[in-house]
Amino acid sequence: MGFFQKWSDKLSGHFEKGRPLHVFKSLFDAVDTFLLTPAAVTHNGSHVRDAVDMKRIMITVMIALCPALLFGWWNVGYQHFLSVGATPGFWQAFGFGFLRWLPMAVVVYAVGLTIEVCFAQWRGHEVAEGFFVTGFLIPMIMPPAVPLWILAVATAFSVVFAKEVFGGTGYNFLNPAIVARVFVFFAYPSVISGDSVWIARPGTCDAVSGATPLAVDVAQIPSDWELFVGAIPGCVGETCKIAILIGAALLLFTKVADWRIMLSVLVGGAGMAAIFHAVGMTGVPVLTQLLMGGFLFGTVFMATDPVTAAHTRAGKYVYGLLVGIIAIMVRVLNKGYVEGMMLAILLMNVMAPLIDYCVIRIHIRKRKHRIARSKV
Amino acid sequence: MTGNSIKIRQGFDLQLDGGATSVVEPYATGRYYIRPSDFRWMTPQLLVREGDSLSVGTPLFADKRDPRVRICSPVDGTLTQVVRGDKRRILALVMDAKVTPPGSSVIEVPDNPSPQQIRDILLQYGLWPALRQRPYSVIADPDGTPDAIFVSCFDSAPLAPDFNVLLKGREAEWHEGIRVLRQICPDVPIHLGMLEDGDNALFEGTEGVDLHYFSGPHPAGNVGTQIDFIRPLDKGDVVWYIHPWQVAAFGRLILRHTLSYERCIALVGPAEPRPRYVTMTYGADLSPLLTPDPQGRAVRNISGNVLTGGTLGEFPSVGFYDSQLTRLFEGGEREFLGWLLPGLKKWSLSHTFVAWLAKRKKFSFNTSMQGGERALVMSDVYDEVFPMDFMPAELLKACIAKDVEQMEELGIYGVESEDFALCEVVCPSKIAWQQIVEEALHYLYEN
């Protein structure tokens, strides 16, 4: 502590304006405030402040993602060994998955953070923490077999065109992690669809594997229990519903994510699934729909992004309901786009400002009526 | 209990150490400071020069917008210095008193004064500025008549003084003060906002007023909150508001024909070793009372409460509208990997620190910012601390954009920067809410 403090005091002068290292000021600030909480004190307005800041909120989200990530490491390895006909030990599977995930995470963070730091320096801002969560999410929602160069291109695309061109974290209207995935989905469809991509292939032998549940007939879908436990092929983060629910509990408990969005996505999804099931358009029952694919992961970690979701309270219910409804609609009606959740969230990200606009207009009208009433 | 009852659900009370005991001590000094910055957006026109001798009630400066509005000398003595800052802006008037304590002077009040005569007397002796108007929280227009007058009879801010202590022995002056308000604004309703389970005997006995009982956390005692629940403001509406102890000052002038700027304040805060009430004259130099911390920690002295008060610098006296002085330790200590630690001793309304789980009650508050400024990300934490019928985050965005139409539609005229103090406290993005709202209001006021 004392060591870092001294180090920070000694170096900070070199990064001030006019000094040679000023071009690295944002980077220095990022490292400095990563190690030590900022020294700033209040100078106007409220003299005391809540201890929470964006770093704390982002780290809470990352901790909430950890159960799903840890399970994902094991599952990637487990699925790989299954596909080559072996039965791995726990640590063997876990280690394999970790080594599969590590290069993805390194590439995503290296590309994303470099761009973030450059933009922050250019704008004269501090580096916003948003990308720590985005970078954590991207490897968790990509197929384990995605080539690293595609991952790098997708990350760069999403950081620049989904976020920084609009002003950075807080100003973006699309969820950058979903944009990265959608970019791969449309630009390189071969690496994200088909039967085998959800299993990390060994370098030499191109193994054949079971199909992902979303692309097959009802009869081939794993049981609800298997879907719930999650030892099935899929993205790193999405398969284990138990781990996702642990993360959801933490997010709700700490009030970092809004329960209104989570609840209404589930209600919307369940309602739509029930309707489709009732009219016979799909044989998949409601619970299975909710447990399949990335629906739950999207509900808990993606739809709740406070920046890209609707900002108003009433708007959040509408936003959530429509995310759930559209996700199931896409999934059932269009067999080509098997994963409806990401498209639903992205579409509703675009619609969220419109929902907010309507809520604000209603508020303004109600306010006018209230004032008129109080004058009588 | 005969008035209507209003429950405030959003908001919270900061549990700061160092609340005042009921000890009331007199305090007198030979030096006095008056800061024109106490009066919002006022451009002062000096009416005296350095070296002039003063008596109680000598006008010191007038408002450039309306020269009838003036601030008067609280003491007999000399104007020692006019301290100026950048662009010759007057920072403070320094006065030395001839006698300590400064005492009072007797004034002439006609029998059965007319409303206009009362207004003139209040203006002449510098008491009129106690009446402020919404929107804008500027001094009330001396020729105007408001749609209503509001008096909040309790302060719910952290470590706020008990108004019963401030008004002790001044009950008759309070009743006379309310009569003064009714005379200068006939037929204008006067609304008293009281704490539902507080000691309201004095206020309930007031004649010719509407009583309203509030319960719930801060900002239940903010006059802005009470206005919005009792009579929400529309564009073009004007209401006046005033502190109860300033009502009593009106009463003293008219009832006792006595001009005195004596008042009682609460000296409180975690950094104050002996929290108590102090009676003094407006403008009194408080430096002898502001003892340094025995352990050598830096202390910030705030005129007002920790949510909205102003930091006292070189000229420490309690502001014109303030009835408390809060002493808080300076923060700014750096913590290794603070964003990752469990945070057993961290106060947060969010549940992201373990202290919440441990149900910790006592926290040592200081002036640390606790983070860096970011864009607005969490849009719903503000609704939980903002009881008024507004959309705080949307209004803030309109204020930042200086979008006049949107601001008006969202009800900007019904709010004041202090109403957003709690939003500012809980803001994870560390946005300067009060400053932004005040700037937006100033923008509207000037255009």
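Is Glu129(A) buried or exposed, and what is its relative accessibility? At 6% relative accessibility, Glu129(A) counts as buried, a class that is defined as under 20% relative accessible area, with exposed meaning over 50% and partly exposed lying in between (1.4 Å probe, protein chains only). The views below show a predicted model, in which local features need pLDDT of at least 70 and side-chain atom pairs count only at pLDDT 80 or more, whereas totals for chains, interfaces and linings use all residues. Residues are numbered from 1 along each chain as its sequence is written, chains are lettered from A and ligands numbered from 1 in the order in which they are written, and side-chain values use heavy atoms, with hydrogens and water left out.

**View 1. A salt bridge joins Lys55(A) and Glu129(A).** The N to O distance between these two side chains is 3.0 Å, a salt bridge being a side-chain nitrogen of Lys or Arg within 4 Å of a carboxyl oxygen of Asp or Glu. The pair links distant parts of the chain, 74 residues apart, with Lys55(A) in helix α3 (residues 54-83) of chain A and Glu129(A) in the loop between α4 (90-123) and α5 (130-141); helices (H or I, at least four residues) and strands (E, at least two) are DSSP runs, numbered from the N terminus. Lys55(A), at 13% relative accessibility, also counts as buried.

**View 2. Lys163(A) pairs with Glu116(A) in a salt bridge.** The closest N and O atoms of the two residues are 2.8 Å apart. Because Lys163(A) lies in helix α6 of chain A and Glu116(A) in helix α4 of chain A, the pair ties together parts that are 47 residues apart in sequence. Both Lys163(A) and Glu116(A) are buried.

View 3. At least two residues of the patch come from each of α6 (148-163) and α15 (340-375) of chain A, and α15(A) gives the largest share, five residues. Phe157(A) is placed in helix α6 of chain A and, at 31% relative accessibility, counts as partly exposed.

**View 4. Helix α14 (residues 313-333) of chain A crosses α15(A).** Their axes, lines fitted to C-alpha atoms over the stretch in contact, with angles running from 0 to 180 degrees between N-to-C directions, come within 8 Å and cross at roughly 150°. The two helices are therefore roughly antiparallel, given that angles under 35 degrees count as roughly parallel, over 145 as roughly antiparallel, 65 to 115 as roughly perpendicular and the rest as oblique.

**View 5. Helix α3 (residues 171-184) of chain B holds both Glu176(B) and Arg179(B).** Their side chains meet in a salt bridge (3.1 Å, N to O), and the two residues are three residues apart, about one turn of the helix. Glu176(B), at 11% relative accessibility, counts as buried, whereas Arg179(B), with a relative accessible area of 37%, is partly exposed.
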